[in-house]
Amino acid sequence: MPRLLANAAVARPSLTVAAIFLGAVLTTLQGRLFSAALPDLRGQFGLDVLEAAWLGTALNGAQLLTMPVVPWLALTIGPARVLCIPSLVLGAATLAIPFCAHHYPALVALHLLAGLCLGVYLPLTASLALRSVRPGLWLLVMAAYSLRVSTGMDAGMGVSAWFVEELDWRWIYWTAAGVGPLIALLVWKAVPMAPVDQDGLSRTDWGGMALFCGGLGLIFLGVEPAERLGWMDSGLVASSLAGGLILFGAAVLRAARHPSLFGALAPLGNRNIRICLAIACLFGVLMTPTSLLIPAFLGLMGGLKPMQTGTAALIAFAAYLACTPLAVYLGRRIEPRFLIMAGLIVIALVARMGAQLSHDWRVEQFVGILILQSVGECIMLIGLIAAFVTNLNPVHAAALGAYVPVARVLTPVLAGTVMTAWLRIAGDLSRASLDLHVQAGSPLAIERAGAGLAQLAQVLARESQVIAYIDGFNLVFWTSLTALLLAMGLRSSPPNPIVPPFAAPVS
């Protein structure tokens, strides 16, 4: 028994890769399970819409408080401690949530704690995986890392539906309660415990960390509930955004003046890294066709709950999975910047196809769009990750890790909020425009009015929403063109052993 429980004496790369990718998938999957099941969880917890929404704010926003500091923690106290302890705490927190179903303060606290723990996985996934395997397998690692997006976002929708409707709603949380300790065990047996870097701890920029993470957390607190609270009509939204921008700006200015402080800007001195980070921030909008627009449209026009649109999500996941070997094959032969551009062109094409939709579209009409969108996302993401890896100076990895959560957590949430507001505003404007045609005596309106004013009002409401979703696809189109222009500014990656241009063999 003591030998079974003993920490690994030597590193076990295969177990390390399994553990960290399990954590990466769990991070994305848990968020999707929760958001898809939220209407049913509200009933189980006895909460109104706003109360339930704050649970999601706590779960997702808390990740921004830990993600930026995880790379530094791994360097100072070792990755084993960083991963094992939060994994065990995550298991305990998610196990306890169903037992606190009718105690709201405990629910908020436990979701906050779970979010803090989930934030430790993604910052270490790529770095630990790449250090654990030989360079010849790095592209496969990148492909697996990109796959966690579709696994969590797309497959998570169907899994959530199965949990709630066929199994038990508690498994929305108990999945993490089981996987968390498993990750801790795998890490314990795969990663030797490293000594604590006392000198590094003594030189820690605690003030910079507090400003940086606190600023990101406040910005998230202002962005995530902005649409449901009325944007600047809400004092919470306005004050959170203002305070967050001030704190984050102060942290960046401190780091710019003193490069040794937390959040150093050295990695952003690389042109390719800056462009890749900008494209990664835009990806939140680029992925909305499968993550928001199509599921929401099917729910609105077909009267379906979010989880009942799982067929569309599974099609997207299957297409992404099937495209991954092709993306790896192309990645070995084409420079990352060209992969990024190819993926963005496909996404732009998808947006133009989506702009042709009508009120009678259902899953069958969206199949081609779902497949192409997944292909575009897969090719683009593998190219983007490869571009990051091949252009980044390893010395700057921890510094860049402080800024990557902006693209991984903050901007996707901002994209969802902005897209929701865009749909609402576009729907209101299109309804007003259609009303003008009715008042002007449009022949079609007169014909519809013959069937009754109630039916005419229903048609106007329906078609205004169709126009709004067309405008949503148009927003994706213009965003993809913006990202494509940025990608055209990328330079060739330095010679490397992963993707073209390959390093010259040593004679």
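**Exercise 1. Is Leu-167 buried, partly exposed or exposed, given its relative accessibility?**

Solution. The model is a predicted one, and the classes are set by cut-offs: buried is under 20% relative accessible area, exposed is over 50%, and partly exposed lies in between. Leu-167 has 43% relative accessibility and therefore counts as partly exposed. Its place in the fold is helix α9, which covers residues 138-167.

**Exercise 2. Determine whether the end-to-end distance of helix α14 agrees with its number of residues.**

Solution. Helix α14 runs over residues 235-257 and has 23 residues. The expected span is 1.5 Å times one less than the number of residues, which for this helix comes to 33 Å. The end C-alpha atoms of α14 are 33 Å apart, so the two values agree. At the start of the helix, a side-chain oxygen of Ser-234 comes to within 3.3 Å of the backbone nitrogen of Leu-236. The buried residues of α14 include Val-237, Ser-240, Leu-241, Gly-244 and Phe-248. As background to such a list, residues three or four places apart in an α-helix point the same way, because there are 3.6 residues a turn.

**Exercise 3. Identify which parts of the chain are tied together by the salt bridge between Arg-254 and Asp-205.**

Solution. The side chains of Arg-254 and Asp-205 meet in a salt bridge, with 3.2 Å from N to O. Arg-254 belongs to helix α14, whereas Asp-205 belongs to the loop between α11 (198-202) and α12 (206-223), so the pair ties together parts that are 49 residues apart in sequence. As for accessibility, Arg-254 counts as partly exposed at 27%, while Asp-205, at 13%, counts as buried.

**Exercise 4. Classify the partners in the salt bridges Arg-170 with Asp-168 and Glu-335 with Arg-337.**

Solution. The structure holds seven salt bridges. In the bridge of Arg-170 with Asp-168, the closest N and O atoms are 3.0 Å apart; Arg-170 is partly exposed at 30%, and Asp-168 is partly exposed at 25%. In the bridge of Glu-335 with Arg-337, the closest N and O atoms are 2.9 Å apart; here Glu-335 counts as buried at 16%, whereas Arg-337 counts as partly exposed at 22%.

**Exercise 5. Describe the surroundings of Thr-28 beyond its neighbours within four places in sequence.**

Solution. Thr-28 is placed in helix α2, residues 13-45, and its relative accessibility of 12% makes it count as buried. With those sequence neighbours left aside, Thr-28 is in contact with Arg-148, Val-149, Gly-152 and Met-153.

Technical notes: Residues are numbered from 1 along each chain as its sequence is written. This is a predicted model: local features need pLDDT of at least 70, side-chain atom pairs count only at pLDDT 80 or more; totals for chains, interfaces and linings use all residues. Side-chain values use heavy atoms; hydrogens and water are left out. Helices (H or I, at least four residues) and strands (E, at least two) are DSSP runs, numbered from the N terminus. Buried means under 20% relative accessible area, exposed over 50%, partly exposed in between (1.4 Å probe, protein chains only). A polar contact is a pair of N or O atoms within 3.5 Å; within protein, one must be able to donate a hydrogen and the other to accept it, and residues adjacent in sequence count only if both atoms are side-chain atoms. Contact means heavy atoms within 4.5 Å. A salt bridge is a side-chain nitrogen of Lys or Arg within 4 Å of a carboxyl oxygen of Asp or Glu.
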